[in-house]
Amino acid sequence: MTLSPRISLRAISRAVIGGIACTLYLFVSAGLPATSVAATLPGQVQPPRYICPPCNHEQDLFQASAVRARGSCHVCGMELVEKPLRLDTAEGSIREGSGSFLVDSNTPDSNPLAVFYHRPENLRKDAPVVIVLPGAGRNAWRYRDTWVDSSEKYGVLVLSPHYSEKYYPEFWSYNIAGMIENVRINKERTRVSGYDINRRAETWLFSDFDRIFETAVAELGMTTATYDLFGHSAGGQVLHRYTLFAGDSKARRILAGNSGWYTVPRFDKPFPFGTGSDMLDRDGLKKAFKRELVVFLGELDNADETRGHLVRTPDVNWQGDHRLSRGKYFFAQAQERARELGTELQWQLEVVPGVGHDYPAMGKAAADYLYGDSRRP
């Protein structure tokens, strides 16, 4: 069944206003003066506006100046992206194709999140939904773009949140989901010299994902009950920690791709490099092992890979020499803990052949893995 637009007072008002606009247009075309019709009617559905993504001259995506035409920024040359708007405004909607919308984070600070989406043609009411977490560049619009073909191929709604550096500065606010704070960096900025653990779970990023999903399906009138998650590099770091520490959620399958380093399920290693002795107890680890995590690794994200920044410090070097070896070590340690705890491990390890630290290729592989013929939900 193809998705029909959600019927709401806002939708009705749009339709009424649109009808008025058409009627006025007919009068104008019949010879009435053009000044008798307003250029923009209140509440009329407008085409998206475009802004420059964060760069040297536009530090804040939420305050960037908007233009009506798609194209490149006249200052820096970057390709413009859709300006995110709130869905409870006349201009805000999830249209067919690519766009963006605003939602407040589900943490006490209620920071704004821009969600870049792609809605495929003829979206079904029960269509699959995937939330795609970008790498350290926080470039959700680029990650969304690399999923457009897969979105159309498999009929999946793609949602990619942008965690702005303004509200989530430094790697610990994003990669580690805000689970550490008061971080001290050495003068050379080569390693962390100290930090405090943030034990206030309600301030971690993890509950944002349900809110993003629920906002989108409510706007579209969808019946889909669960969603999938894919993250690459820093996004993969967020998601394997989500698997370990998040509370109950509507997420189903979780693909953590090419993480640079891990919170390894080892009680003898301090958090965030291991689970530590008090951040996650044995019952909590058993619960985490029941989640549908896939450690999703590129075969060529090895010692020869030069793309992306790989942390190399004594704090993490024991996990392996490169992303591929670190991901395999993380999975092997999970297998060992599961045996020790006498519990089943639902996690899987998947190595994508011929791919390195390449988020477009890993995203395509993730879509095929999740929604290919043999794996359709």
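Start by selecting β5 and β7 (residues 157–162): these strands pair antiparallel over 5 bridges. Strands here are DSSP runs of E with at least two residues, helices are runs of H or I with at least four, and both are numbered from the N terminus; two strands pair if DSSP finds at least two bridges between them. Before moving on, note that this is a predicted model, where local features need pLDDT of at least 70, side-chain atom pairs count only at pLDDT 80 or more, and totals for chains, interfaces and linings use all residues. Residues are numbered from 1 along each chain as its sequence is written, and side-chain values use heavy atoms, with hydrogens and water left out.

Now click Tyr117, which sits opposite Leu159 in β7.

Next, show β4 (residues 97–104), which runs antiparallel to β5 and is joined to it by 8 bridges. Look for Phe101: its bridge partner in β5 is Val115.

Colour all of β5 (residues 112–119). Is it buried or exposed? In this strand, 8 of 8 residues are buried (under 20% relative accessible area; exposed is over 50%, partly exposed in between, with a 1.4 Å probe and protein chains only). Pro112, Ala114, Phe116 and His118 point one way, while Leu113, Val115, Tyr117 and Arg119 point the other.

Hop to Ser110, in the loop between β4 and β5. Ser110 isn't a glycine, yet its phi is positive, about 50°. With 37% relative accessibility, Ser110 counts as partly exposed.

Last stop: Pro272, in the loop between β11 (251–257) and α7 (282–289). The peptide bond joining Phe271 and Pro272 is cis, with omega about 10°.
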